[in-house]
Structures are given as C-alpha cells and as structure tokens.
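Look at the sequence and the structure below. This briefing covers the nonpolar core and the aromatic rings.

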Amino acid sequence: MSPPARWAPFPREAGPKPPPPARGIRMKRAGATWWGKRWVEALERMAPDDAGRLARGRTYARTGRTHDLTVKPGLVTARVTGSQPRPYKVILTIARLDDATWAKVIAAMAKRASFAAELLAGQMPEDIESAFQSAGTSLFPERPEDLTTACSCPDMANPCKHVAATHYVLGEAFDKDPFLLFELRGRTREQVIEAIRAARGAPARARAKRAGAGKGASCAGGAPAIATVTPGKMAAKDYDAWREAPPALDVTLEPPAAHAALLSQLGVPPGWTEERSPADLFGPLLRAASERAREIAMAEGAPRGRGRG
C-alpha cells in the first residue's frame, strides 16, 4: 500500500521562491503585551524541541508571507506563501465557550470595576484568567489539545513553519486588539462590554425598583406616574440667572485604570529598533507625568490655608 499523499516527498521548484505578496502581513514583534506573550508561549509549548521550524516561522511572519488572515469564533484561517506558487492554507481551531460558561465568566468580571475600565481602555487585565478559571476554563490554550492546527503543506511536523508564521502574526494582532481573543472564544468586544455593563447595572436596578415599590403614585394598570414640571412666568433677563447660590463642587481626579493604553494599541511603529516596545519604554514616563499633573491639579483646587494632607 502506498503511503498517504501527505507523506509524499516535498515537491521542490527549480526556480526561486515566490516573493511575499503585497498584501502580506509583516510582523514586527509578537508578544509585546503580556497577553500576546501568553499566546506565543502556547505555540512554543507545542514544539519545545523544534526551535528551527519556529525560527523559520518567525522569518516568514516578518517578511510578510502570511496573508488573508481571518479570525472567527473558534477558527483562524490564513494563507502563507512558501516555496510553491500556490499559497498554503493554514487553519487554527480553538474551542468556543458555550453560553453557560460565558455567563459565569461575565459574572466574575462584573464583580471587578477595574476589569471594565481596563477593557474599555484597550487593555487586558493581568488577572483576567481568574474570571475564566472561576468558570472552570481558560482564555488561553493551556494544553496541546486546546489548540489544533492544520496546513495544506506536505510537512508532517506540528507546527510546521507556515502554522508558526500564522501563530506569530496572530500574536501581534492580539497585542493590538486583545478583544480578538474574546472573539476567538465566541464573544465580540461589544457583547463582552455590554454584558458586563448589564451585569453591573442589575443590582442598581433592583435597588431602585425596591425603593419605588412603596410610593403609591401610579396610573391605571399599575404603571408609575410620569413626573411633570410646569414652569412659572419668567422675564427674559432672568433666564441665565441663578435662582440660588450654586453648590460647591468637589472634584476628584482619579488615576487611570491602565497607563499608556494608547501606545499599547498603536503597537510598534515602522523602523522601531529598540528591544522594548514604545509602551514599555515611555509608559513609566507617561505615568510619572500623569501622576505629577494630578498632584498639581489637586493642589491648585485645595482650599487656601490648608496643606495637601
């Protein structure tokens, strides 16, 4: 019996390797954020003894040989231009979380106001895994069976360099948009944010409902009465006048939940040669400037004759 076609010798072209396509995605640096790094580590756990293929995959990713990348719930597809005229097709699959699991994850995230603040700022909370672990799962692939890969190339290794190239390009995409990780697991950015807001708002709505239950003003059918206001007569010159002294304003400037969020979203600019990313390099400076500006603002707003406390 002849071996399967996939085991056939790798066909080689006599001519040079096709150049990367113009639409190729040129990876600059994957794993610039902690969540991007976790994704890259998942790949490296798949091939702990095959550094050569991973290195060739990084080269493919840097030179723009990966293209037509799409991310859908549970599925990533891409094309990789290799040594053959026809690009290879790469497929990565990861299990989508079901509705019940997502409900548990959202409930856990809703308990922490910082989660919503950091996610809205384009950051992935560093302890986000605690929310997924409370639901008995993980955001990132932890075991080899959590992430399956396929490639149309003849190489039987897993991962081959084409899969590795796709994985690295995807890691950089996660650096720029952490919500792609949620989308891969089955929820979009809008769905996650709205679900957290709804979960955090439910207790407040319940309290308001209980508070209004004993106020017997209601219309026929039990609907609450609609409050109305009938303005009195007023001269034109009095429209902009205060009816009474305005209340004293007590302004508090809270530090941001996530620092250098915009730099992290922008990623690494073309031509960047530093070992650290712009967010890592300038983040501490921006944080120090932000904290100093807050100190100055709060000092200027303090009552005279009193210290900062």
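Met 109 and Phe 182 touch the most other members of the largest nonpolar core, which has 52 residues. Such a core is a set of buried Ala, Val, Leu, Ile, Met, Phe, Trp, Tyr and Cys residues joined through side-chain atoms within 4.5 Å; buried means under 20% relative accessible area (1.4 Å probe, protein chains only). The model is predicted: local features need pLDDT of at least 70, side-chain atom pairs count only at pLDDT 80 or more, and totals for chains, interfaces and linings use all residues. Residues are numbered from 1 along each chain as its sequence is written, and side-chain values use heavy atoms, leaving out hydrogens and water.

- Helices here are DSSP runs of H or I with at least four residues, numbered from the N terminus.
- Leaving aside residues up to four places away in sequence, Phe 182 has contacts that include Trp 102, Met 124 and Arg 187; contact means heavy atoms within 4.5 Å.

**Aromatic pairs**
- Rings of Phe, Tyr and Trp (its six-membered ring) pair if their centres lie within 6.5 Å; planes under 30 degrees apart count as stacked, over 60 as edge-to-face and the rest as tilted.
- Trp 39 and Phe 174 are edge-to-face, 5.0 Å centre to centre with 85 degrees between the planes.
- Trp 39 lies in helix H1 (residues 34–46) and Phe 174 in helix H6, so this pair ties together parts 135 residues apart in sequence.
- Phe 132 and Phe 182 are stacked because their ring centres are 6.2 Å apart and their planes at 20 degrees.
- Both Phe 132 and Phe 182 are buried.

How values were computed. Buried < 20%, exposed > 50% of the residue type's maximum accessible area, 1.4 Å probe, protein only. Helix = DSSP H or I, 4+ residues; strand = E, 2+ residues; numbered from the N terminus.
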